[in-house]
Amino acid sequence: MISYLYWFVLIALLFLILFGLGARLNRWKPAVIVSAIVLISGTLLYYFYLEQMFVKRWGGSMSISVPAGQVHMGATWKEDNLWIQNYDPDTNTCIFSEYARGNLLEGRVVIRNCNPLLPTRQPDASERAN
């Protein structure tokens with residue numbers, strides 16, 4: 001998957017910096033500092049920019065857990081942001097949550113008196129005729 005390839009390239013770059021600066025030139029302090037900067041920058045880049053883009057466009061992977069007591073109903077993409085629809089039976093509300101880059105909750109829409117899990121009453125033939 002594309003996510004694994006990203007992490008493989010990042011780790012290979014770290015080893016290259018450590019080997020090139022540290023072992024070959026015997027400059028361990030700059031090698032460790034540059035490696036730490038590359039590791040932190042690469043991790044932040046992934047979680048705050050690339051993760052959802054990888055998942056949507058190139059088949060990456062990510063996980064989101066449904067809050068306790070809620071039932072998952074659906075998910076959809078709006079541009080590069082993921083919208084999750086859950087139902088809370090205790091409060092009878094439907095909750096749409098937007099997960100933007102960085103897995104930060106960006107938007108939330110709550111629909112009250114939403115009851116999607118119970119079957120709705122269908123009018124019988126005599127009611128439809130009138």
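Trainee: Which residues of helix 1 are buried, and what do they pack against?
Mentor: Ser3, Tyr6, Leu10, Leu14, Ile17 and Gly22 are the buried ones. They pack against helix 2, residues 28–58.

Trainee: Why is the link between Cys94 and Cys114 called a disulfide?
Mentor: The cut-off is two cysteine sulfur atoms within 2.5 Å. Here the S to S distance is 1.9 Å, so the pair qualifies as a disulfide. The structure holds one disulfide.

Trainee: What makes that disulfide left-handed, and which parts does the pair tie together?
Mentor: The torsion about the S-S bond of Cys94 and Cys114 is about -50°, so the disulfide is left-handed. Cys94 sits in strand 3 and Cys114 in the loop between strand 4 and helix 3, so the pair ties together parts that are 20 residues apart in sequence.

Trainee: Are these two cysteines buried or exposed, and how do you know?
Mentor: Buried means under 20% relative accessible area. Cys94 has 1% and Cys114 has 13%, so both count as buried.

Trainee: Why is strand 2 described as largely enclosed?
Mentor: Seven of its eight residues are buried, so strand 2 is largely enclosed by the rest of the structure.

Trainee: How do you know that strand 2 pairs with strand 1 and with strand 3?
Mentor: Pairing needs at least two bridges. Strand 2 has seven antiparallel bridges with strand 1 and seven with strand 3, also antiparallel, so both pairings meet the cut-off. Trp77 stands opposite Leu82 in strand 2, while Ile84 has Ser97 in strand 3 as its bridge partner.

Trainee: Where is confidence lowest, and where is it highest?
Mentor: Helix 3 is lowest, at a mean pLDDT of 57, and helix 1 is highest, at 89. The mean for the protein is 82. Where pLDDT is low, the predicted coordinates should not be read in detail.

Note on methods:
Residues numbered from 1 in each chain as written. Predicted model: local features only at pLDDT ≥ 70, side-chain atom pairs only at ≥ 80, totals over all residues. Heavy atoms only, no water. Buried < 20%, exposed > 50% of the residue type's maximum accessible area, 1.4 Å probe, protein only. Helix = DSSP H or I, 4+ residues; strand = E, 2+ residues; numbered from the N terminus. Contact = heavy atoms within 4.5 Å. pLDDT = per-residue confidence, 0-100.
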